[in-house]
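Here is a short briefing for a first look at a model. Keep the sequence and the structure open while you read.

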Amino acid sequence: MRTQTLGQSRGLVFVFSVVGGLLLAFILVPLLRMYATQTPATLMQIAAIEDVQSAIWLSLEAAFLTALLAGALGVPLAYLLARTTFPGKGVVEAVVDLPLAIPHTVVGIALLFVFGRTGIIGGPVNAVTGFQFWGTWGGIVIAMLFVSVTYTVNAARVGFESVDARLERVARTLGAGPWSVFGRVTLPLAWRGIVTGLMLTYARSISEFGAVIILTYYPMTAPVKIYDLFLQSGLDESSAMAVLFLTASLAVFIILRHLSYGRVTPGGRRM
Amino acid sequence: MSDSTLTVERVSLRIGTFALQDISFSLAPGQVYGILGPSGAGKSVLLETIAGFYWPDHGRILIEGRDVTRAAPEARRVGFMFQDYALFPHLTVAQNVKFGLQFRRSRPRPTEHSQVQDLLARLGLEQIAERHPSNLSGGEKQRVALARALAMEPAFFLFDEPLSALDARTRDSLREELRTLLRELGVPAIYVTHDQTEALVLADRLAVIRDGVLLQEGTPSEVFGAPVDEFVARFVGVETIIAGRVLCTHDGVATVQVTPERRIEAVDHGAVRSPSVLVCIRPEDVALNRPPAKDSAGANQFPGRVVGGEPLGPMLKVKLDCGFPLTAFVTKRTYLDLKLAPGAEVVAHIEAAAVHLIGQP
C-alpha cells in the first residue's frame, strides 16, 4: 500500500499517523478492555435473563423501524434540498441540523409535550385510536427518530447532489415523467448516499438513551436496561449486558451494511 | 401547416441576467443545423428551451407542426445528446437503449426486446450490450447515446457540444463517425458548438448566436464567406479585417481604399450601401509568391514583408505587413519554398471574389 504521495513530507505523515493512531486507540481501548474483563459465566448468566433479551431485541427492532421511517420522511426533503432553491432554504437546513445541537434529555421533555399523555398529538391519537406513545415502542421510535433523522436527510442529500442532473434531463427527453425519472434514475444513483444515511440513523438510534428514557422508560430498550442494571446490580452485570448488546448491534450493522452496499454500484462493479 | 421538423418562432426567454432575444429559425427534414457561438452565448439554454426544460416568455416552438411551447420534455420526442452523452451509469448498454422504450404506451411489450436488438445491431453495439458505460470508449458512448435516443423515434436530435470535452484526436474521429451516422440515420439534428470546424463539417445550415441574439443564419458557405458583422467574421475564422472606404464600383467590382497607398478590389453583391466598409479576407484565400509579382498589373497584388509566423496544426499561420496587416495560411512546403521567415519579401494575392465587404453605418 502506498502511504505517501509526492509532495507530502515524510515528517508530516509520520506525526499525523502517530496522532491518528492515538485517536484510534482512544476509541478502541475502552471497548476492548470492557470485552476483556468479561467472564463466560457472567455473560451466559446475563444472556439468560429474559428482560435482557427482550431489551436488546426491542432496541434492534425500534432502530430498524426508525431507519425505515427516517427514509420515508427524510428522502423527499433531502431531494428538495439537493435539487431546488427556495426562499428560507437556509432556515430549513438549520432546522434539519437542530436535533444534533439539543441535549437529548431536552428532546425527551419537548417530545413529552407533543406525544405524551396530554401532548397535542399523543392525547388526540390516544383518544381516537387507543394507541399510546408512552409505555410502548411508539415513544421509543419517536425519540430515536428525532435525534437521528438528521443523518438520513444530510447523507441522502449528498447522494442526490452526486447525481448528474443531466441524467435526469436526458431521462425526461427519453419519455420518462418526473416520477419515473426519480424512481429509475435518481433514486438508484443516489442509493449509496441514502443507505449511508439510513445506516447512520440506525446506529444513532440504537445508541439513544436520554430522549428515550424520558419519553418511554418502559418497555426498556437495551441502553435503558444497561443503566438499570448498573444502578441495581453494579458494573459486572451491566458491563456483561453492554458487551452482549454491543456485539448484537455491531453484527446487525455489518449485515445490513453488506446487504445494502452489495447492490450494483454506478461503476457496474459489485462491492 | 409547415413541413419543417422544428420551427422556433420569435422565442424570447429571460433567466436571471441572461436573455434569449427573439430567436427564429427552422429545421428542415433530414437537415443538420449548426448553432455556432462562444461560451455563454445562450446555445445550451436555447437547446434546453427546445427540449422543454424552459418555457419561453414569448414566441412559439412547433415540432412537426404541433405547438409544443408548453409541453413537458417527455412529450416532445426530442433526442437530447449531452456533452459526454450522459449515459445512465447504473444500466448496461442494452438497458440504456431500452430505457426510452418502456415509456411508449402505444407499443406492445413483446416487441421491445427485438427493437432493442435491432438498434444494437444498427449501431454495431451487440458485442458490448452487457457492458456498463464506464467501460466504453468515446465512440461507443456516442453510438449508445444515439441508439438510446433512436429508441423513442425522435423527431430530431439536439447535440449540446458533445465533443468539446475530448482530446483533439478523439474529437476528429468521433466527428467523422458522427457525420457518417447522421447521414445514414437521416434524422435531422441541431448541433450546438463553439468550434467552427465542427460546424463546417457537420452542418447543412448554420446560425451564429451571441448574447442570446441570433446574428446570422445561412448555409455554411454563406456564413463563412459573407459574415454580416465583425463578430461573426472573427468567429468563423476571418483573420484579416480592415476598415476602408469604397471609391467606386465597376461591373460589380468595388475598389476599396484601405490605406493611402493601398486599394483592395472586392466582388460586390450589391449588399453594401454605405461607402464605409470592413474588408474581410480569410487566411486560406491569401496566396503568397516570391517577388516580383507574376502579373504586376493584376488586381489585389500586394508586395509585403513577413512579420511573424506560428505553426497551426497541419498549416502555418503567417502574418504579413503589406501596408496593412494581412494573415495567410500556408503549408509547410510553401513556407520552406518561399523562405517565409520574418523579414522575407513576398507578394500576396487575393481573388476579388474572395474579399468580403461588410457595410458600416
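The contact takes 21 residues from chain A and 26 residues from chain B, where contact means heavy atoms within 4.5 Å. This is a predicted model: local features need pLDDT of at least 70, side-chain atom pairs count only at pLDDT 80 or more, and totals for chains, interfaces and linings use all residues. Residues are numbered from 1 along each chain as its sequence is written, chains are lettered from A and ligands numbered from 1 in the order in which they are written, and side-chain values use heavy atoms, with hydrogens and water left out.

**Where the chains meet**

- About 2100 Å² is buried between chain A and chain B, and carbon and sulfur atoms give 65% of that area. Buried area is the accessible area (1.4 Å probe) that two parts lose on being put together, summed over both.
- Arg169(A), Thr173(A) and Leu174(A) supply 32% of the area that chain A buries against chain B, more than any other three residues.
- Between chain A and chain B there are 2 salt bridges. A salt bridge is a side-chain nitrogen of Lys or Arg within 4 Å of a carboxyl oxygen of Asp or Glu.
- Glu74(B) forms a salt bridge with Arg172(A), and their closest N and O atoms are 2.6 Å apart.
- Two elements of chain A give two or more residues to the side that touches chain B: helix H8 (165-173) and helix H9 (178-206). Helices (H or I, at least four residues) and strands (E, at least two) are DSSP runs, numbered from the N terminus.
- H8(A) gives the most to this side of chain A, with 7 residues.

**Around helix H8 of chain A**

- Which residues of H8(A) are buried? They are Leu167(A), Glu168(A), Val170(A), Ala171(A), Arg172(A) and Thr173(A). Buried means under 20% relative accessible area, exposed over 50%, partly exposed in between (1.4 Å probe, protein chains only).
- The cover over these buried residues includes helix H3 (50-83) and H9 of chain A. It also includes helix H1 (43-51), strand E6 (78-81), helix H2 (93-99) and helix H4 (138-150) of chain B.
- Just after H8(A), Gly175(A) takes a positive phi of about 110°.

**Nonpolar cores**

- The largest nonpolar core has 57 residues, and Leu6(B), Phe25(B), Ile50(B) and Ile190(B) touch the most other members. A nonpolar core is a set of buried Ala, Val, Leu, Ile, Met, Phe, Trp, Tyr and Cys residues joined through side-chain atoms within 4.5 Å.
- A second, separate core of 38 residues includes Ile140(A), Met144(A), Met199(A) and Met220(A).
- Leaving out residues up to four places away in sequence, Phe25(B) touches several residues, among them Leu6(B), Tyr33(B), Ile50(B) and Ile190(B).

**Salt bridges within the chains**

- Over all chains, the structure holds 24 salt bridges.
- Glu93(A) pairs with Arg157(A) in a salt bridge, the closest N and O atoms being 2.9 Å apart. The pair links distant parts of the chain, helix H4 (residues 89-97) and helix H7 (residues 137-161) of chain A, 64 residues apart.
- Glu93(A) is partly exposed at 26% relative accessible area, whereas Arg157(A) is buried at 17%.
- Asp172(B) forms a salt bridge with Arg175(B), the closest N and O atoms being 3.0 Å apart. Asp172(B) and Arg175(B) are separated by about one helical turn because they are 3 residues apart in helix H5 (residues 168-185) of chain B.
- Asp51(A), Lys225(A) and Asp228(A) are linked in a network of salt bridges.
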